[in-house]
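Please keep the model open while reading.

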Amino acid sequence: MPTSKPHPNRGGAISRRQARRRAVEMLYEASQRDTDAVTLLADRVGATEVDPIADYTITLVEGVTGRRAQIDELLAEHAQGWTVERMPKVDLAVLRVGVYELLWAADVPDPVAIDEAVGLAKELSTDDSPRFVNGVLGRIGTIADRLRAVL
């Protein structure tokens, strides 16, 4: 009797990198469907027809959604020559997760938050996106300590 290989995300811990990617995918899907990301997330958590959702994915989606106005304001201010509305939706989802991790994920060092976001941009978006994401998050990263003190 043939045995199927277990799904790589089942039965074990989901890495933070996988959790970030899943959060970006959910934020992107919510923007494409013009729906709330937390509602989309709630529909998926515990559903048997989708892969398990890591706690860190939930933290990121809820965190980004809860602070979206602040995050988008920072992105608009630091994305030279770009408005939030004009940014590619995938890049915007990556940037939102990156800003959230930079400013509100105390256990994620700033360089790691930026590097992970750039890696996601390489995987999920255009050839120009990693440089764009790095530039925007790099500018925000240089003032992250001051921002954390007032946000």
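Glu 116 and Arg 20 join their side chains in a salt bridge, with 3.5 Å from N to O. A salt bridge here is a side-chain nitrogen of Lys or Arg within 4 Å of a carboxyl oxygen of Asp or Glu. This pair ties together distant parts of the chain: Glu 116 sits in helix H6 (residues 110-124), Arg 20 in helix H1 (residues 16-33), and 96 residues separate them. Helices (H or I, at least four residues) and strands (E, at least two) are DSSP runs, numbered from the N terminus.

Are the two partners buried or exposed? Glu 116 counts as buried because its relative accessibility is 11%. Arg 20 is buried too, at a relative accessible area of 4%. The classes are buried under 20% relative accessible area, exposed over 50%, and partly exposed in between (1.4 Å probe, protein chains only). The pair also belongs to a network of salt bridges that links Arg 17, Arg 20, Glu 101 and Glu 116.

## Basis of the model

This is a predicted model, in which local features need pLDDT of at least 70 and side-chain atom pairs count only at pLDDT 80 or more, while totals for chains, interfaces and linings use all residues. Residues are numbered from 1 along each chain as its sequence is written, and side-chain values use heavy atoms, with hydrogens and water left out.

## Salt bridges within helices

The structure holds 12 salt bridges. One of them joins Arg 68 to Asp 72, with the closest N and O atoms 3.5 Å apart. Both residues lie in helix H4 (residues 68-78); they are 4 residues apart, so about one helical turn separates them. Arg 68 is partly exposed, at a relative accessible area of 42%. Asp 72 counts as buried, at 15% relative accessibility.

Another salt bridge pairs Arg 148 with Asp 145, and here the closest N and O atoms are 2.5 Å apart. These two sit in helix H8 (residues 144-150), 3 residues apart, which is about one turn of the helix. Arg 148 is partly exposed, with a relative accessible area of 30%. Asp 145 is exposed, at 59% relative accessibility.

## The largest pocket

How much space lies in the largest pocket? About 260 Å³. On a 1 Å grid over the protein atoms alone, a pocket is an open set of points where a 1.4 Å probe fits, with protein on both sides within 12 Å along at least five of seven lines; lining residues have an atom within 4 Å of a point. Points are joined across faces, edges and corners, and the volume is the space filled by probe spheres set on them.

The lining has 15 residues, with Ala 30, Ser 31, Thr 35, Arg 68 and Arg 96 nearest the centre. H1, helix H3 (55-66) and helix H5 (89-104) each give at least two residues to this lining.

## The whole chain

The chain has 8 helices and 0 strands. Its C-alpha atoms fill a box of roughly 60 × 30 × 30 Å along the principal axes. For 151 residues, a compact globule would have a radius of gyration near 15 Å, and the chain agrees at 16 Å. That radius is taken over C-alpha atoms, and the globule rule is 2.2 Å times the number of residues to the power 0.38.

Of the 151 residues, 44% count as buried. Among contacts (heavy atoms within 4.5 Å) with a separation of 6 or more, 69% join residues 24 or more positions apart.
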